[in-house]
Each structure stands twice: as structure tokens, then as C-alpha cells.
Protein chains: 2
Amino acid sequence: MRLSEYFLPTLKETPAEAQIASHRLMLRAGMVRQASAGIYNWLPLGLRVLKKIENIVRDEQEKSGAQEILMPTIQSADLWKESGRYDDYGKEMLRIRDRQDREFLYGPTNEEQITDITRAFLKSYKDLPKNLFQIQWKFRDETRPRFGVMRGREFLMKDNYSFDLNIKAGRYSYNKMFLAYLRTFARLGLQAIPMAAESGPIGGDLSHEFIVLAPTGESEVYFDKEFDDIKILESKYTYSEADVADCVKTYTSKFAATDEKYDPKTCPLEEKDLKTGRGIEVGHIFFFGDKYSKPMGATIQDADGKPVPLQMGSYGIGVSRLVGAIIEASHDENGIIWPEVVAPFKVGLICLRVDDEGCKAASEKLYGDLQKAGIEVLYDDRNERPGAKFSTMDLIGLPYQVTIGPRGLANGIAEIKVRATGEKSELPIKDVVKSLSA
Amino acid sequence: MRLSEYFLPTLKETPAEAQIASHRLMLRAGMVRQASAGIYNWLPLGLRVLKKIENIVRDEQEKSGAQEILMPTIQSADLWKESGRYDDYGKEMLRIRDRQDREFLYGPTNEEQITDITRAFLKSYKDLPKNLFQIQWKFRDETRPRFGVMRGREFLMKDNYSFDLNIKAGRYSYNKMFLAYLRTFARLGLQAIPMAAESGPIGGDLSHEFIVLAPTGESEVYFDKEFDDIKILESKYTYSEADVADCVKTYTSKFAATDEKYDPKTCPLEEKDLKTGRGIEVGHIFFFGDKYSKPMGATIQDADGKPVPLQMGSYGIGVSRLVGAIIEASHDENGIIWPEVVAPFKVGLICLRVDDEGCKAASEKLYGDLQKAGIEVLYDDRNERPGAKFSTMDLIGLPYQVTIGPRGLANGIAEIKVRATGEKSELPIKDVVKSLSA
């Protein structure tokens, strides 16, 4: 993509309303623009990141055996009356009447809708287990939306729902999600720590929040330093029943708590083994049994032909929130530092002097070569001062910056800067593609 | 994917409410389930098709130079008051009040929202041209939603918006979309004919509908038989100004009209050159100049530093509607016949007798081999009668059916059926992967 053509409205000034780093940087980097309080337009650069995160979340869901569906954003209020949550949910639910004056709502979550689907189609224990996920926009009418996409009203969420014959099988489904979540966050370059959670308005028993560590996170967390040593992506856990149970045990046997639950008097760890940090909640998993299936009549025939209510769990990841969380975990005073897997482009190519014929020609050629090699590249071909180009690249945080200027060009040399470390090196221009293909 | 595990709730009976082929077949094939009138849940098989269509639409947008963004579904009513459409739109607009009693709406289209974004950021003629697209859910509260996803209330649409300095440049943007639309529909296996259109509630001048031909289409269309001979995907049109103008001229110089506009007395064609057929509207393009930019103050500085209103066009493709349109264009009495590019899976593999050890083993091996070769395969490993398996495969319409039964297996033979033609052939099992890789 040529920056001269790209719709990348970066801001020089920090918008006054933005209180936290990710909000400031997303606005300044031209990733989003607020439409209304807590409601955002995703501009090209922001949407590229959102989609990359979405794809990693999807991939890990599929690897765990979940199947993708898509439920509508607008739901009938009738289903929520069946479950008993229509009144409970309060003002956070965006309630709507259609032209026939029927009651609808913009889904804040989808337990009712999915129970309605599965009670229609899942009839026998032979249809189980099932785990259905979607990645869909939700709406929660927060009293005070703030922190940009971290606490928006319209937000993108991956939610899924497991259906099992009994509690033992339900726990297996729960454990699978536990592993899938750890893998998902690790792939996004985040350190995630699962913490026992209250079950909240959705209700239920088995319940964990996944908190990712970020220096500017929203809350203080306390955890066993051994968490730092577990490398989930290097572990040999499969999705077998024994493996996921072992994974859950490994994690839940170590101490971890948010500040709400932490009490130094009851903390089982010695001070030297305790770490503290700031954290951001990015996922939540629940097993709530027959909480919805019972009132909504979602029963299934067991092996004896006896009707039993479906045992269900629900699992959420805040996909749009993760964009903010990754920035909170990875930025410096100059801008964002994207982990390569979610970077909007891998490489920023800077032509230092577009009015220098040789410099322009060499940059154009390298741009073409990078594209041919399948490397995602944003090419700054604007007629701007070098300083403006460097600060734009630092702000938007692409992992590698490649600069071609007249001086280096005389020796056939480009400069490569690694955004994360600031480390610079010189390389023959002809070797750049190979060096970045790794 | 194993059919024994797949959430594919096919129906034996044709649902009484479904009046047209695509609606009947989408329900019977377990692609969707109605949530409320005109609002659908997309089940795994349906969602796979929807995403494939979406990806082709996206790819052609990007090839034309458009950049993807994503606007929220919930919009502030204020913007619509600025444009003057808030009252005009009537009851089709789903109006909402949030907890602060502020007026919002579920976007039926996005001219106001995009104008609000661009007036904030596009300042100079140097920022032009721009063409921004999104693929996002819309809501139109139809009086009488019907025909399944063909006329739903919540529906997926690709909409985009072009921004230019003057009318000449705006027409170039319009012409580019004209070509992009022709290419998109052709890639989806559809014959699309552009027809001059009234500009409708969105307003404007240059305006074409794209009608795809389908034997069970919603309206009668009349067109020059020469349309049958244009193969847009084989044409040499690039997105240069001259090429797209030539493309538009080639198409618009031939007669084509919907039944509303067709009058045998004024039709310029002799009977022998006139074809008629049934058609479905799947796209619409408009150039409407400063209709929104003027009232909303979206101006830009021209080369002389003079403020001028942006010249805009808007362009829509009904992505979820296309799922239905493709089925209307391609089905028979046994079910759907997917064009390969949008088929949920390329191959349906049938193990004729799962209780026969050899048959099962050979099927499992072929299933693994197809997956390894990167071929999307749905494997019917259920313990069902052969007749049920064949009719499920015909119903869901995968392009190729591969059957392994005990009799053929004795000679190392599988049967391959091409869904579209019904043509069957026998092939050594070891050659199946290679034969389907082409």
C-alpha cells in the first residue's frame, strides 16, 4: 500500500478526551474515529489489526473443535423473557421496538439465542458434544463508556457455547476452552493468567477470567512468579480429555488473584514468589449447566431415552478490546509496537527523498519486490520531511522500518530498524527481501 | 469435517412458510434458521458460503483500489438530521433511544456516517481520490419481510463510497465500480446485466442496477442477446480511465430493461435479438455528486485553495442476498448446485458402509489424504442408509461426491459424481486426490 493513497488520518495532537495510552495511540495512528460515545468507526489501519486478531481467535476456536455460526445482532425480547433475564439485565440492554411495536433488543450476549437454536435441532445424546462459536458485534449501553475500544458500547466479541449431556462432559468442554484461550492470547504476544472469577450476571459455577499483563492495565493483579515460566505454545497439550485437565490443573494450582480478591493475610505465597503487575481482562469462561436449558426447555434424550436438560457453558473473548489491550502491553513514548502476528503491515518502507530520482526508483523497485515476495508493506512515498516520515512509522508501529536515502543508495545500502528494540542495521538493498522473508 | 460431528440440521420436510426455491433449500440444507421475521441465524454450512461470497466481493473491491473500513451498526440520528433524511426514511428505519434518551438508529445505509468521517479528514484535493468500502450488517424494517435471506430485515451488505474533486473524476470512480461489479458477479458464477435505474431514496443521477439471471428470479428482464457473448473475466479491461469508460460504454450501449421499464413499442431491438429471462437485483451503483457533502459541509480545497463540496458516489452489493440469488440461479429438484468458488466444501466423501471395516478404513484414509492436499471435504461417516447419504449430498450441493463402497473397494475403485451434471465415473481410489486437485 502506498501511503500517498492510503486513508491514514494520523493526528499530531493528542486528543484531550483520551485518558489511556491505547485510546490516545489508536486515535493518533488513525486506526479509529469515534462515531458516538463508545461507538467507533474502524479506519483501514485499525481494521487490519482487528481482522488479524479475529483470525487468530477463529483459528484457535476451530483447532479446539468449535464450529462457527453467526447469530443476528437484533434478538427478540421473547427469548429473554423465557430465560427470565429480560428484566434483570436493566438499562445496559439496548431495547428496541420495531414497526409492528414488537419488542427487540441488540444482543449484549447470546445464551438465549443459541439455546433457541439448539433446542430446535439437538435431540439425542448422539448429537453431542457440540461447541458453536461466533464473532459478532454486541451492544452494551454502558453508563460511562470510556477508554476507547477498551470499554465501548458497540464491540466485537467472540462468544461460544458448549452443549453436553452431563456435567463431566461439560467440564471437558470447559477445559478445552481453557487451553484454547491460553493458546489464543499467547499467539497474540500476550501473557495471560487465568483467575478464578465470580460468575457475574450470566451465572454459574466453574468460571475463570483471563487477564493479560500490561504495564498500563486497568487493575492490579497478584500471581505466582512460576506463571512466567510456562510457555503454553511450547507445551505438548493436545485437546484430549487428560491433556486439557492437566493443563487446567497446572494453571489453577498456582496462586493468582485480582486486587478485589487479593488479601496479603491469606495469600499462600511467600513474598519472594509473588509477582504483581497491572492487568486487563480479555476473556471469560463459564460453565453454568442447565441455567438456560431448563427454563427454555432445551432437553435431549440420553442413552436410555430419558429427556435431560443440556449442560451448557459460555465463553467470551473481547476481540475489539484486544486491539487496545495489545497496545497497552506494547508501546513506548513514540507510538505503538505491534507484535508481528497482528501488525497491520510487517514492513514500513520509507523513501527518504521522493524528489531524488535514484532514491525514488530504488524505493519503487524494492516496494514491488517486497509485494511480489508476499510481504505486507506500507510504502511511504509521500513528499514529506524525513522527520515526519520516521515519526509516522514509529507511531503506527510496524515491526520493521526500511529506509532508502540518497547517501546509503550510493553504496547500494538500505537501513533497517527494528521497531521494538530500536536496533538499526545496514544491509545491501538486494538482500532486504530475503532478510525480511524469514 | 466429519458429518457425524458437524452441526448440519437438514430438514426432510419443506417448511410451509418458504415460498421460493432458495428459501426452501437454505432451510432444508441446514444453512440458516429464522430467529424472527426477516432475521436469520447463519448455521455452519450457510456461514461458509456467506464468507466465501464476502471474500470474493472484498477481493474485487481491493483490486479496484477501494480500501476497507468498518462503520458501526448503530448511528447517531443527528447525522441524519443534518442530511435531511431522518424524517424522509420513514418506518423502514429502526429507531432507537439509548439509556440517556438520545436518538440512534440501526444503519440502513451509511452515506451520512461516511460523510461525517471524510469531512473530518479529507482536506485537500491531494487527499483524493478515495474509495472506502465496508462489509457490514444493515437493518431495514421491511413491512413484509419474505423470501428468506433475499428480503430480510437484518442483512449483510458491501457498501462503498467514492470521494472526488469534480464530476469527471467522480465518473471515473463510478466506472471503476461498474467494472468491479461485473467482475464480482462473474466470479460468483452469475451472469449479471447492468440496467439503468431510478435513483431511489438515496437520490442522484448516474445509477445502474445489476440484475443476475436466475430461472426463478423475482422479475422479468429484457435484454440484447449480445450480453450472452461478453465474457468479462476474459476481457482485457484494466482500471485505467480509458478502459473502464470503454467497459461502461460496451455494456450501456446495449438494450436492457426490467419489466417496469420495458415497453415493446419503444424497444430498439428486433425480436430475434431480444432475450427475456427472470432476474434478481444484487447490486446498485449511484453517483450523486454533492447531495450529502453540501448539506453536511464536507468540503475540500481545490488546487486554487477554494473550498468545494466533495463529489460522491455510493455502491452496494447485497452479500447475504447473493447466497439466495446463487441458489435461485443454480439448483434442481434434488437440491442446491454450488459453483465451486462459493461451495461450502468442494468434495463430499461418502463412506457407504461404516460398519464394513475395509470400507471405513479406505474412507478414513482418503479423508485424511484430501485434507492433507488442502481440499475442503465434508466426510459422511454417519451410520446411515446409502439413500439418506446420497440425498443429503445432493441437497447441500457440493460440487463433487466421492463414494467408497465395499463393491468398488474390492477393485480399489471409488465413484465420483459431478453434482452439476450428474455425470458419474469410476476412478482408482489412489487417483482421487490428484483428480480433484485440478
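**Entry 1: the largest cavity.** I looked up the largest cavity and found about 50 Å³ of space in it. A cavity here is a set of points, on a 1 Å grid over the protein atoms alone, where a 1.4 Å probe fits but cannot get out. The volume is the space filled by probe spheres set on the points, which are joined across faces, edges and corners. I noted that this is a predicted model, where local features need pLDDT of at least 70, side-chain atom pairs count only at pLDDT 80 or more, and totals for chains, interfaces and linings use all residues. Residues are numbered from 1 along each chain as its sequence is written, chains are lettered from A and ligands numbered from 1 in the order in which they are written, and side-chain values use heavy atoms, with hydrogens and water left out.

The structure holds four cavities of 30 Å³ or more. Lining residues have an atom within 4 Å of a point; for the largest cavity they include B:Tyr40, B:Trp42, B:Glu154 and B:Phe155. β2 (39-42) and β8 of chain B are the elements that give two or more residues to this lining. Strands are DSSP runs of E, at least two residues, and helices are runs of H or I, at least four, numbered from the N terminus. I sorted the lining into five nonpolar, three polar and one charged. Ala, Val, Leu, Ile, Met, Phe, Trp, Tyr, Cys and Pro count as nonpolar, Asp, Glu, Lys and Arg as charged, and the others, Gly among them, as polar.

**Entry 2: B:Arg153.** I found B:Arg153 in the loop between β7 (130-139) and β8 (154-164) of chain B. Is B:Arg153 buried or exposed? B:Arg153 counts as buried because its relative accessibility is 1%; buried means under 20% relative accessible area, exposed over 50%, partly exposed in between (1.4 Å probe, protein chains only). Its side chain makes a polar contact with the side chain of A:Asp98 at 2.9 Å, and reaches the backbone oxygen of B:Ala37 at 2.8 Å. A polar contact is a pair of N or O atoms within 3.5 Å; within protein, one must be able to donate a hydrogen and the other to accept it, and residues adjacent in sequence count only if both atoms are side-chain atoms.

**Entry 3: cysteines.** A:Cys247 is buried at 0% relative accessibility, and A:Cys267 is buried at 13%.

Methods:
1 Å grid on protein atoms, 1.4 Å probe; cavity = no way out; pocket = protein on both sides within 12 Å on 5 of 7 lines; lining within 4 Å.
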